[in-house]
Amino acid sequence: MNSPNIEIISDCFVKPKFISEEPKKPIYFSPWDLIMISLNYIQKGLLFRLPENQDFSITTFLDDLKHSLSATLTHFHPLAARLATVKHENPPSLTVFLNPENSPGARFIHSSVNLTVADILKPTDVPLVVQTFFDHHQAVNNDGHELSLLSVKVTELVDGIFIGCSVNHMLVDGTSYWHFINSWSENFNSKSQNISRPPILDRWIPVGSDPVVSLPFTHEDQFIDRSDYPLLRERIFRFSSDALSKLKAKVNSECGTTKISTLQSLSSLLWRCVTRARRIPADQKTSFKMAVNNRRRLSPPLPENYFGNMIQTVRAITTVGELLDHGVGWAALRLHEAVVSHGDKEIKQFMDVWVKSPFVSKLGVHFDRNGVLAGSSPRFDMYGNEFGLGKPLAVLSGYANKFDGMVTFYPGREGGGSIDLGICLLPVNMVAFESDEEFMSVVN
């Protein structure tokens with residue numbers, strides 16, 4: 001598809017509806033937040049059918065979106081701030097923090113494009129034009145010194161509306177991202193200033209650590225990676241609850257257990273099939289990494305309403321030969337063991353090492369070219385965000401944090417335990433992957 005031009009109709013900033021009279025204090029980041037400083041913003045969006053109701057007014061709709069966003073930002077006010085940095089001489093280091101002063105707020109863009117819903121949903125691959133439905137294209141989180149930490153882009157299609165949100169990954173992980181979106185949708189529908197799940201904004205700091213954590217750098221060139229990545233193909237595959245139940249039963253039967261989850265079963269299938277599509281020599285190492293939520297794994301646990309980053313990746317690793325010579329259950333058991341062995345002890349050991357020698361994640365450095373990395377979760381409430389438009393038709397993502405082997409899990413639109421899986425691969429790898437009989441036998 002030729003990418004048509006997106007027309008920007010209006011561009012403004014939205015501030016929290018109620019602003020405290022108390023002095024605004026800086027908010028200092030947790031180590032889990034600082035690790036994200038070189039990654040891209042989180043970009044997720046919802047595609048809706050344009051209401052057939054003749055009384056629908058885009059002007060009224062946008063006004064309602066802005067008003068409800070302002071009310072929601074009252075609870076999630078860090079999203080209306082900007083980043084700031086203090087440089088230290090002895091020892092040379094940087095303290096990055098949230099500065100609530102002198103920020104114009106969250107950005108809100110209204111745009112339009114001459115495309116239909118079918119133009120977005122019918123192609124086999126996710127069209128590249130979807131990336132233009134998001135603001136802050138290719139921005140890294142450190143750019144939040146100059147860019148808004150939250151940017152909403154509402155794009156009118158011929159027969160649809162796309163609401164794309166770009167949120168600085170130093171402020172949110174997937175759990176917090178959808179907590180905010182869920183609260184905004186709730187506020188939009190209820191027209192109330194209150195929300196049912198207020199966020200917990202106090203940052204988690206390891207016991208015994210200084211609440212103000214600094215990074216051992218003197219210039220952003222030492223920790224920011226702006227690598228150019230090759231053109232990828234992105235596809236979304238859909239799995240029915242029935243197909244997933246059969247896969248889970250097969251995996252557990254092969255392992256003589258009942259403990260391996262649906263997500264671990266699907267991940268192991270994916271790991272095998274992506275590895276086979278890449279035609280990697282049998283003696284090379286391959287890994288599968290899964291992002292896990294540390295909130296409940298800590299002791300004492302953190303509430304799900306904790307607003308910030310609390311994710312970590314766990315990894316299963318083996319040789320290509322071992323992975324492909326064994327069955328899908330063998331791979332699933334390795335993933336299962338990696339997940340269940342990750343608890344409070346492992347989390348705090350990682351933090352102890354990080355505090356002594358801080359580092360940041362970089363896509364070009366920390367992610368295995370022979371591996372697969374899975375993010376997001378089918379447990380997130382994505383399709384419950386209606387904004388007065390009915391159930392979304394699809395959940396789509398932007399350019400951010402994508403590379404060969406990146407997988408994004410979504411809940412299936414039909415619910416009932418169904419799962420949608422978005423995967424990015426190099427074109428040559430995607431051709432082999434989408435022809436893989438083992439994988440396609442499970443796809444809807």
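The legends below describe close-up views of a predicted model.

**View 1. The three-stranded open sheet E2-E5-E4.** Three strands make up this open sheet, and their pairing is antiparallel. Strand E2 (27-28) and strand E4 (82-88) stand at the edges. Each has a single partner strand, so one side of each is left without a neighbour in the sheet. E2 pairs with strand E5 (residues 93-99) over two bridges. E4 pairs with E5 over seven bridges. Both pairings run in the antiparallel sense. Phe97 in E5 is the bridge partner of Tyr28. Ala84 also stands opposite Phe97. E5 is mostly covered, with six of its seven residues buried.

View 2. Pro91 sits in the loop between E4 and E5. The peptide bond from Asn90 to Pro91 is cis, with omega near -5°.

**View 3. A cis peptide bond at Pro300.** The loop between E10 and E11 holds Pro300. The bond in question runs from Ser299 to Pro300. Its omega is near 0°.

**View 4. Helix H8 and its buried residues.** H8 (residues 328-340) has 13 residues. From its first C-alpha to its last, the helix reaches 18 Å, close to the 18 Å expected at 1.5 Å a residue. Its buried residues include Val328, Gly329, Trp330, Ala331 and Ala332. Leu335, His336, Ala338 and Val339 of H8 are buried too. The buried residues of H8 pack against several helices: H5 (241-255), H6 (262-278), H7 (320-325) and H12 (437-440). They also pack against two strands, E10 (285-293) and E11 (311-319).

**View 5. The packing of helices H5 and H6.** Two packed helices are described by the angle between their axes and the distance between the axes. For H5 and H6 the angle is about 85°, and the axes are 9 Å apart. That value makes H5 roughly perpendicular to H6. H5 contributes Leu244, Leu247, Lys248 and Val251 to the contact. H6 contributes Thr262, Ser265, Leu266 and Leu269. The residues of this contact divide into five nonpolar, two polar and one charged.

View 6. Leu157 lies in the loop between strand E7 (150-156) and strand E8 (160-167). Leu157 counts as buried because its relative accessibility is 6%, and the cut-off for buried is under 20%. Leaving aside residues up to four places away in sequence, Leu157 touches Leu47, Val113, Leu115, Thr116, Val117, Ile120 and Phe162. Leu121 is 36 residues from Leu157 in sequence. In space the two are 13 Å apart, C-alpha to C-alpha.

**View 7. Lys191, a non-glycine residue with positive phi.** The phi of Lys191 is about 60°, although this residue is not a glycine. Lys191 belongs to the loop between helix H4 (174-190) and strand E9 (233-239). Its relative accessible area is 53%, so Lys191 is exposed; the cut-off for exposed is over 50%.

**View 8. Phe387, a buried residue with positive phi.** Phe387 is not a glycine, yet its phi is positive, at about 50°. The loop between strand E12 (372-376) and strand E13 (394-397) contains Phe387. At 1% relative accessibility, this residue counts as buried.

Definitions and conventions. Residues numbered from 1 in each chain as written. Predicted model: local features only at pLDDT ≥ 70, side-chain atom pairs only at ≥ 80, totals over all residues. Heavy atoms only, no water. Helix = DSSP H or I, 4+ residues; strand = E, 2+ residues; numbered from the N terminus. Buried < 20%, exposed > 50% of the residue type's maximum accessible area, 1.4 Å probe, protein only. Contact = heavy atoms within 4.5 Å. Pairing = 2+ DSSP bridges. Expected span 1.5 Å × (residues − 1). Axes fitted to C-alpha atoms, helices over the stretch in contact; angles between N-to-C directions. Parallel < 35°, antiparallel > 145°, perpendicular 65-115°, else oblique. Nonpolar A, V, L, I, M, F, W, Y, C, P; charged D, E, K, R; others polar.
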